[in-house]
Amino acid sequence: MRRFKILHRTYYNFSGTVRLEPHALRLRPKEGHELRIESASLDITPAATLRWHNDVEDNSVAIATFDNTPTQQLVIESEVIIQQFNESPLDFLVDAYAANYPFAYAAEDSLVLAPYLLTTTRQASDPLVKWVAGLWRAGEPIQTYTLLQRLCIQINQSFLYQAREQPGVQTPAETLSRGTGSCRDFASLFIEAARHLGLAARFVSGYLYAEPSAANYGSTHAWVEVFLPGVGWKGFDPTIGKIVGTDHTAVAVARLPESVPPVAGSFVGRPGASLDVGVWVTELE
């Protein structure tokens, strides 16, 4: 078991005095047999009333509501200490019928997984179709996990990571043409490729423990989970080209990348605001 402290600070500085509307906060990690929360605190200035609920994906969401006191700044500070137990991410066994690709999900699973299999109808000339064709050719014997790991490594080795502060996610076609992208862009490309192959995939937002580098300088992180029969949702991180383990802390999952921002809300007042975010993930003894 490994323990981590995650500090996530968000600062909004407005161009004038504003009144804050409700904000949705997705900052609490997803608990389960692989992760437990030891302690958690959420401090907000100006003071807010929090109302917690679980959304349709079972993500923990806090709705922060404010009184009508005018303000020029919003500060949100989340501090969580977690226990991570996913120390052997390769210790799993896929059901026999899905161990080798291609395979078809069981009928009962297909009903639940249908939203995670949706992809745009693509012609043979589509850049994504051509790119995926280079990963696997019909008739080639391959294990399902090996194919997914090949996809993960291919994105890591073929594209240049570039942090983007701008909101939104590049389309897979944009990432393929530009040859660069952020972690969320790489995750989006992985998801579309996996769905094109008939594999259920979803977007994950969270945190990564790593030494500071060009790909990790104190920010939230994004990766992908694919549903493998007998295993469940298994994480793959195309930004670093590895399967997800104890260095990753999932906070929220969604069918679409734009559905789970850490902080989402609005204000009434003069347009314009600057955003500063700091994330520190520290391993504890």
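Analyst: We'll go from the whole chain down to single residues.
This is a predicted model, where local features need pLDDT of at least 70, side-chain atom pairs count only at pLDDT 80 or more, and totals for chains, interfaces and linings use all residues. Residues are numbered from 1 along each chain as its sequence is written, and side-chain values use heavy atoms, with hydrogens and water left out.

User: Fine. How many helices and strands does the protein chain have?

Analyst: Helices (H or I, at least four residues) and strands (E, at least two) are DSSP runs, numbered from the N terminus. Here the protein chain has five helices and 16 strands. Its radius of gyration is 20 Å, close to the 19 Å that the globule rule gives for 285 residues, so the chain is as compact as a globular protein of that length. That radius is taken over C-alpha atoms, and the rule is 2.2 Å times the number of residues to the power 0.38. Along the principal axes, the C-alpha atoms fill a box of roughly 65 × 45 × 40 Å.

User: What share of the residues of the protein chain counts as buried?

Analyst: Buried means under 20% relative accessible area, exposed over 50%, and partly exposed in between (1.4 Å probe, protein chains only). In this chain, 46% of the 285 residues count as buried.

User: And how do I read contacts?

Analyst: A contact means heavy atoms within 4.5 Å. Taking contacts between residues at least 6 apart in sequence, 73% join residues at least 24 apart.

User: Now a helix. How far does α3 reach from its first C-alpha to its last?

Analyst: The expected span of a helix is 1.5 Å times one less than its number of residues. Helix α3 (residues 144-158) has 15 residues and reaches 21 Å, close to the 21 Å expected. Its buried residues include Leu 147, Leu 151 and Ile 155.

User: Is α5 mostly covered or mostly open?

Analyst: Mostly covered: 13 of the 14 residues of α5 are buried. Helix α5 spans residues 183-196 and reaches 20 Å, close to the 20 Å expected. Just after α5, Gly 198 takes a positive phi of about 85°.

User: What about Ala 40: which class does it fall in?

Analyst: Ala 40 counts as partly exposed, at 43% relative accessibility. Ala 40 is found in strand β2 (residues 35-45). Not counting residues up to four places away in sequence, Ala 40 touches Arg 28, Glu 79 and Val 80. Ile 81 is 41 residues from Ala 40 along the chain, yet the two C-alpha atoms are separated by 6.4 Å.

User: Last one, the backbone. Where should I look for a cis peptide bond?

Analyst: Check omega. A cis bond joins Thr 45 and Pro 46, with omega about 0°, and Pro 46 is found in the loop between β2 and β3 (49-54). The bond from Tyr 101 to Pro 102 is cis as well, with omega near 0°. Pro 102 is found in the loop between β6 (100-101) and α1 (107-113). For phi, look at Asp 58: its value is near 70°, positive in a residue other than glycine. Asp 58 lies in the loop between β3 and β4 (60-65).
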